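Here are a few notes to read alongside the model. Keep the viewer open and look up each residue as you go.

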Amino acid sequence: MRTGLVVTAGLCDRMATHSLLVLYGSQTGTAQDTAERIGRQAQRRRVGVRVQALDSYNVANLISESLVVFVCATTGQGDPPDNMKNFWRFLFRKSLPAGSLCRLDCAVLGLGDSSYPKFNFVAKKLYKRLLQLGANALLPVGLADDQHDLGPDGVIDPWLISFWQKVLSLYPPPAGLSPLREEDPLPPRYVFQFLDDVPEKLMNLLPPDDQAPPSSVHPFPARMVSNERVTDPSHFQDVRLIEFDITGSNIQYGAGDVVMMRPCNITEDVEQFCQLLRLDPDCYFILTPTDGSTAPVPARLPQPSSVRYLVEQFLDIAAVPRRSFFELLATFATNELERGKLAEFSSAQGQDELHSYCNRPRRTALEVLTDFPHTTAELSVNYLLDLFPEIQPRTFSIASSLLANPNRLQVLVAVVRYKTRLHKPRKGLCSNWLASLDPNQGEVCVPLWVKKGGLTFPQDLETPAIMVGPGTGVAPFRTAIQERIAQGKTANVLFFGCRSETKDFYCHLEWEEKVQAGHMTLFTAFSRDQEDKIYVQHRVKEQAKLLWDLIANKNAVFYIAGNSKQMPTGVCDALKEVFQQEGGVTDSQAQEMLDAMEKAGRFQSETWS
């Protein structure tokens, strides 16, 4: 790290032309939202700013930047988000010289969830690497936490105050320019130019490369073959096994891989949104970036596009809005009552209020607009893409093997529906959209693409795989078992858990057939079929002798997949008890064994909240 004297001397040359670069790595859109918030704060402070995804930035230019903020999430088991993977690989090249970033002043803000073991792993590792390369950190790495009482903002707000104090003392804005007021709207990123006529020929997005596998920009329109409910009709939870035909897609996948799908908003919401904002859904428009905007037109939006396409397939109007939504909405408010409430929701002091209004009851952005009718009436269409984020793709573990089902891809989807204090039941956008599609009523195609997942399975024939997958957590293990059996690997042990043998025992006929053929061993835990609740961790403890033999003598790999609440911890504790009971080790030695297995790739987990 450079001394203060060197920093100050180096800054003098750059004062006149200084600008801030905000680079983000985001998986679900939260880091992008935070990066864009920093960008707006920079504009208000008269600081020139660019906001970009890390992989859309030419990382070779980093050596000539003077001031950069990195905002990054952590995914999976401590992995970087998809849109920063190329940057990550480049930055960790061993050939990069130690002082290559010595001209760079930087700050790193991580977004994570401390209920996961690799909390903010990417931000911590990035911060350390930047210092190794000679960069000067303006302040310690910020570690925002979803588990904080005030959510991520509990850390982000004070971190940003410190950041701006530091930046503005080192990089003062031009003399005579005062900051823009919070209540004044910034210029939009894009301007809508509406067309008088429906264009005869619509410009498509860039044509896909026929040889390239499908991607986010060019998904494959997979025909839905079947959409079958696999829980008993009397069961409260609707779970679907959905099959797609991927013939001609160039999609290849293996055990542990995941499929990505981007849902659509429901027709009822699209119509209500268009009515609220007085938009004609059948009208066409062209988007043009404004003069000060560095943002290109989103790659997924055709030019020209219809309003219906924009609202149905692009704007995330059914999501629970973030604080930035209220900040921008407040700048349009002329009604005193609404303006006061929006200002409160936008302030650091009002986050408790915002949480109980929005986050706890899971109120959607569309519902917020109906609660603030005067402000909604004042909204300019040009701000739609500033106000609403893009619909993010959803990830599902693939639940089938190409070796067992050529040209087919299956997913196991729990349809998300629940009640809050709001009158209308809450619904998960993607799962309900998928559940609503009926291939028996006519051809249905769902755009999708595949990417590598976090689980990898043994290549050799003899290594056993022990898989713990309660509920829909069994999906990746169904793929693995089908694939491994097709390859002649029969050392497959599955622990499956659900509520009831007769209500939600997914794929039970398939498991029975494979058990009878000697291709797998199955242990089940039906938690509600008896007075005392029995979970998968209880079955793990009961099978201590078998598991110890497989792990200690046969080099087995142990897997967990499913809900991230109590199950993974319960299973890990059960496994440590197995080590203590059968291996005669202490509690701390059992933990060391588990850590060593994880390091060697012999203990893997994929959990979700």
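1. Let's begin with Ser605, which sits in strand S22, residues 603-608. Helices (H or I, at least four residues) and strands (E, at least two) are DSSP runs, numbered from the N terminus. A word on the background: this is a predicted model, where local features need pLDDT of at least 70, side-chain atom pairs count only at pLDDT 80 or more, and totals for chains, interfaces and linings use all residues. Residues are numbered from 1 along each chain as its sequence is written, and side-chain values use heavy atoms, leaving out hydrogens and water.

2. Is Ser605 buried or exposed? Ser605 has a relative accessible area of 17%, so it counts as buried (under 20%; exposed is over 50%, partly exposed in between; 1.4 Å probe, protein chains only). Setting aside neighbours within four places in sequence, Ser605 is in contact (heavy atoms within 4.5 Å) with Gln77, Leu455 and Ile560.

3. Now hop to Ala31, in helix H2 (residues 30-44). Ala31 is buried too, with a relative accessible area of 2%. Not counting residues up to four places away in sequence, Ala31 touches several residues, including Tyr24, Val71 and Leu111.
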